[in-house]
Amino acid sequence: MTPDPPSQTRPLTGLGSKLGTKLGIALPMSTRAGPDYDPHGALRKVSGPTLRPGGLELTVKALSVCGFTQGAKIVDVGCGPGATLKLLTDRGFDAQGVDPSPKYLAMAKAHGQTALGSLTALPQPDGWADGLFCECVLNLAENRSAALGEISRVLKPFGHFVLSDVFALNGPDGTDGTDVTDGPLANIPLVDGTCLGGAVTLPAALDELGQAGFQILFCQDYRAALNSLAAKLVWEYGPEGLKHLPTPKADCRPGAKAGKYTYALIVSQKNG
Amino acid sequence: MAHAFTKEGPKGWNCGKCGEPLQPVSVNIEYMGSSFFVQLPGCPKCGTTLIDPELAFGRMLEVEKLLEDK
């Protein structure tokens, strides 16, 4: 064996074919989110405190799109241990983290203001927020429409809604959900090509945002982030590692138990 | 061809080039557009990393299969 150059970063190459990067895994169900929702220790070990693909990179990208001014009021729904809340607070925003889990709130408290609440019962008054972050959380909602309505209620007119989540690549009818090059979604600014159980297709998500009164400003695919997290889960825990991804609604959507997924960041703005 | 690593007793491996005992190092594994850091035994001097057959045909293969959508 010939020693490699003295580098600790090197590519893993070649034992298999180049068929694609889509995930195609049947995922077991997990428990529903609720007041006793426990931090996912196994997931946190590989994802870090954000508990989602991509870490804070997507959060920073969203902030650059939104262009909030200092002191802007921002809600982080499903704040978890408070990684995004810390980032927002450190950047001088009036940020509030909301989560249904007292355990998570106790952890997030060290990073900023927190409040008990959920996607469909936010504690903020009407029109309070300049922005609202919902990172890898909306798929956990039992009623997406109600959640989007509640988010709209809390946002000011023209307030920014940052959504990042897992999206299904295949619709329930087997169609490719990523094809947004035709039809009414053709004008959505989709950059760079474009929690699993509750995932809808990206076109469906863009459509539901439009129906909820949001104008899409930005949409970008981060499939590599999801694949990297899934790969590391398998690396750490073997083929069963994917069970550590939260999938509380795996039984609730046709075709959602097994499928192909991507991860995307969508920034939208509430209509005036 | 000289081996990069030599087995030196039950304690583990030494680097064949430098003679240094291997230590856990953080390695960025990249495959098909995805990457993540793992801890692997490596030479603290030249950075050469040991991936034994059990790892290559075990966890590493599982990860490759996942990313290749097999």
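## A buried charged pair

A:R52 and A:E135 are both buried. In this predicted model, the two residues form a salt bridge, with their closest N and O atoms 3.1 Å apart. A:R52 sits in the loop between helix 1 (41-47) and helix 2 of chain A, and A:E135 in strand 6 of chain A, so the bridge ties together parts 83 residues apart in sequence.

## Other salt bridges

Over all chains, the structure holds eight salt bridges. One of them pairs A:D94 with A:K73, again with 3.1 Å between the closest N and O atoms. A:D94 belongs to strand 4 (residues 94-99) of chain A and A:K73 to strand 3 of chain A, so this pair ties together parts 21 residues apart in sequence. A:D94 counts as partly exposed, at 22% relative accessibility. A:K73 is partly exposed too, with a relative accessible area of 27%.

A:R153 and A:D126 also meet through their side chains, at 2.6 Å from N to O. A:R153 is partly exposed, with a relative accessible area of 25%. A:D126 counts as exposed, at 59% relative accessibility. Shared partners join A:D126, A:E150 and A:R153 into one salt-bridge network.

## Nonpolar cores

The largest nonpolar core has 30 residues. A:L119, A:L132, A:F161 and A:I266 have the most contacts inside it. Elements of chain A that give two or more residues to this core include strand 3 (73-77), strand 6 (129-135), helix 5 (144-154) and strand 7 (155-168).

Beyond its neighbours within four places in sequence, A:F161 is in contact with residues including A:L132, A:C134, A:L148, A:I151, A:L209 and A:I266. A:F214 is another of these contacts.

## Aromatic pairs

The structure holds three aromatic pairs over all chains. A:F161 and A:F214 form a tilted one, 5.3 Å centre to centre with 45° between the planes. Both A:F161 and A:F214 are buried.

A:W235 and B:F36 make an edge-to-face pair, because their planes stand at 65°, with ring centres 5.9 Å apart. A:W235 lies in helix 7 (residues 223-237) of chain A and B:F36 in strand 4 (residues 34-42) of chain B, so this pair joins two chains. A:W235 and B:F36 are both buried.

## Helix 2 of chain A

Helix 2 (residues 57-66) of chain A has the buried residues A:L58, A:T59, A:A62, A:L63 and A:C66. Their arc around the axis is only 140°, so they lie on the same side of helix 2 of chain A. These buried residues pack against helix 3 (83-90), strand 6, strand 7 and strand 11 of chain A. The face turned away from the buried side carries the exposed residues A:E57 and A:S64. Just after this helix, A:G67 takes a positive phi of about 65°.

## Chain B

Chain B has two helices and four strands, in the pattern β-β-β-β-α-α along the sequence. Of its 70 residues, 43% count as buried. Its accessible surface comes to about 3900 Å², of which 55% belongs to carbon and sulfur atoms.

Helix 2 (residues 59-67) of chain B has the buried residues B:M60, B:V63, B:E64, B:L66 and B:L67. They cover an arc of only 160° around the axis, which puts them on the same side of helix 2 of chain B.

Key: Residues are numbered from 1 along each chain as its sequence is written. Chains are lettered from A and ligands numbered from 1 in the order in which they are written. This is a predicted model: local features need pLDDT of at least 70, side-chain atom pairs count only at pLDDT 80 or more; totals for chains, interfaces and linings use all residues. Side-chain values use heavy atoms; hydrogens and water are left out. A nonpolar core is a set of buried Ala, Val, Leu, Ile, Met, Phe, Trp, Tyr and Cys residues joined through side-chain atoms within 4.5 Å. Buried means under 20% relative accessible area, exposed over 50%, partly exposed in between (1.4 Å probe, protein chains only). Contact means heavy atoms within 4.5 Å. The arc is that of the directions from the helix axis to the C-beta atoms. Accessible areas come from the Shrake-Rupley method with a 1.4 Å probe; for residues, only the protein chains shown count as cover. Rings of Phe, Tyr and Trp (its six-membered ring) pair if their centres lie within 6.5 Å; planes under 30 degrees apart count as stacked, over 60 as edge-to-face and the rest as tilted. A salt bridge is a side-chain nitrogen of Lys or Arg within 4 Å of a carboxyl oxygen of Asp or Glu.
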